[in-house]
Amino acid sequence: MVCWVAAAAVLIVFTAISFGLHGPLGDGAPGTFQRGDQAAMIGLGVLAALGILLFSRPRVVADGSGIHVRNVLGGYDLPWEIIRAVRFSRGAPWASIELDDDDVVSVLAVQSADKEYAVQAVRALRTMLESHRAAAAADGA
C-alpha cells in the first residue's frame, strides 16, 4: 500500500512541475519550455512511479511442488528436492533459501523489518520443507 501511495505522490509532483514549465528558461538563457518538455516531465514521473512500484513485486508462495520466489527483478521456481535449508540469519535483511548446489536465493518478500510476520513465514517454510522430506523418506522406505 505504501508503494502505491508513494508512486502516486511522485506522479503528482512530476505532473505539477510540468505545468510550471512554460515560457523562457530564465536567467537570460536562450530558449523556452515547450509542450514536449512538459510531456517529458510527466513521462519521467511515470517512469519514477513504475520504479517505485517494482518494490511491491516481491512474493513467496510455497505449495506441494516447491517454493516460488518472485523478487524485485526475476523469480525462481524451486522444487523441494533441491532445497537444503531455509535461512534467516541474525542481522540478515531478508530470508534466504540454500540449495543443494550451494547456491543461495534471497527471499526479499520476507524481510527482517516485518519482525514477527517474517519469523512466522520462515517457520512455515521450514515446516513445509520438513514435511516434504518426511513424505519423501516414507515413499523411499
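Is Arg87 buried, exposed or partly exposed? Arg87 is partly exposed, at a relative accessible area of 38%, where buried means under 20%, exposed over 50% and partly exposed in between (1.4 Å probe, protein chains only).

1. A word on the model. This is a predicted model, in which local features need pLDDT of at least 70, side-chain atom pairs count only at pLDDT 80 or more, and totals for chains, interfaces and linings use all residues. Residues are numbered from 1 along each chain as its sequence is written, and side-chain values use heavy atoms, with hydrogens and water left out.

2. Salt bridges at Glu98. A salt bridge here is a side-chain nitrogen of Lys or Arg within 4 Å of a carboxyl oxygen of Asp or Glu. Arg87 forms one with Glu98 (3.1 Å, N to O). Arg87 lies in strand β6 and Glu98 in strand β7, so this pair ties together parts eleven residues apart in sequence. Strands are DSSP runs (E, at least two residues) and helices are too (H or I, at least four), numbered from the N terminus.

3. A second partner. Arg84 also meets Glu98 in a salt bridge, at 2.6 Å from N to O. Glu98 is buried, with a relative accessible area of 17%, while Arg84 is partly exposed at 30%. Together with Asp102, the residues Arg84, Arg87 and Glu98 are linked in a network of salt bridges.

4. A pair within a helix. Glu130 and Arg133 form a salt bridge, their closest N and O atoms 3.3 Å apart. They sit three residues apart in helix α3 (residues 116-140), about one helical turn.
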